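Hello,

Here is the structure I promised to pass on. Please look it over first; my notes follow below it.

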Amino acid sequence: MGMKQSILTRYRVMAYITAVWLLVFTVAIVMKYGFDTGDTMVISQIHGVLFIVYVVFAFDLGSKAKWPFGKLLWVLAAGCIPVASFFVEPKITKEVQPLITRDETAPVEA
């Protein structure tokens, strides 16, 4: 099965959504423990669910791009480090885009 644009797109969307929620979660933790205000329960649960979806989409992208296991772990770790996804996602997109172009222009076999 070839690489499709939709596989990259859903990874990219989840990378940014997960990154934003991780930043929100980080701010909530700082507010809770640094200033004794607020709660992190709902924010942490939302980020947890979004991270699981991110992991599934990143794993799907990595398996289709035939990444080595170490690279896949690096991409997955980006979803755990605040702002890391904002730097990792553009690099991954630049790397994977030629695979999509090549597969979309390949002749269809019957």
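Some ground rules. This is a predicted model: local features need pLDDT of at least 70, side-chain atom pairs count only at pLDDT 80 or more, and totals for chains, interfaces and linings use all residues. Residues are numbered from 1 along each chain as its sequence is written, and side-chain values use heavy atoms, with hydrogens and water left out.

Overall fold. The protein chain has four helices and zero strands. Helices (H or I, at least four residues) and strands (E, at least two) are DSSP runs, numbered from the N terminus. The pattern along the sequence is α-α-α-α. Of the 110 residues, 34% are buried (under 20% relative accessible area; exposed is over 50%, partly exposed in between; 1.4 Å probe, protein chains only). Take the contacts (heavy atoms within 4.5 Å) with a separation of 6 or more: residues 24 or more positions apart account for 71% of them.

Annotation. An unreviewed UniProt entry marks residues 13-35, 41-59 and 71-88 as "transmembrane region". UniProt positions are in the numbering used here, feature names are shortened, and annotations may be inferred rather than shown by experiment. In the model, residues 41-59 are 100% helix, with end C-alpha atoms 27 Å apart. Residues 71-88 are 72% helix and 0% strand, with end C-alpha atoms 11 Å apart.

Aromatic pairs. There are three. Rings of Phe, Tyr and Trp (its six-membered ring) pair if their centres lie within 6.5 Å; planes under 30 degrees apart count as stacked, over 60 as edge-to-face and the rest as tilted. Tyr 16 and Phe 86 make a tilted pair, 5.7 Å centre to centre with 40° between the planes. Tyr 16 lies in helix α1 (residues 5-35) and Phe 86 in helix α4 (residues 84-105), so the pair ties together parts 70 residues apart in sequence. Tyr 16 is partly exposed at 31% relative accessibility; Phe 86 is partly exposed at 28%. Ring pairs also link Tyr 11, Phe 51 and Tyr 54 into a cluster.

Helix α3 (residues 69-78). Its buried residues are Leu 72, Val 75, Leu 76 and Ala 78. They fall within an arc of 150° seen down the axis of α3, so they line one face of the helix. The arc is that of the directions from the helix axis to the C-beta atoms.

Best wishes
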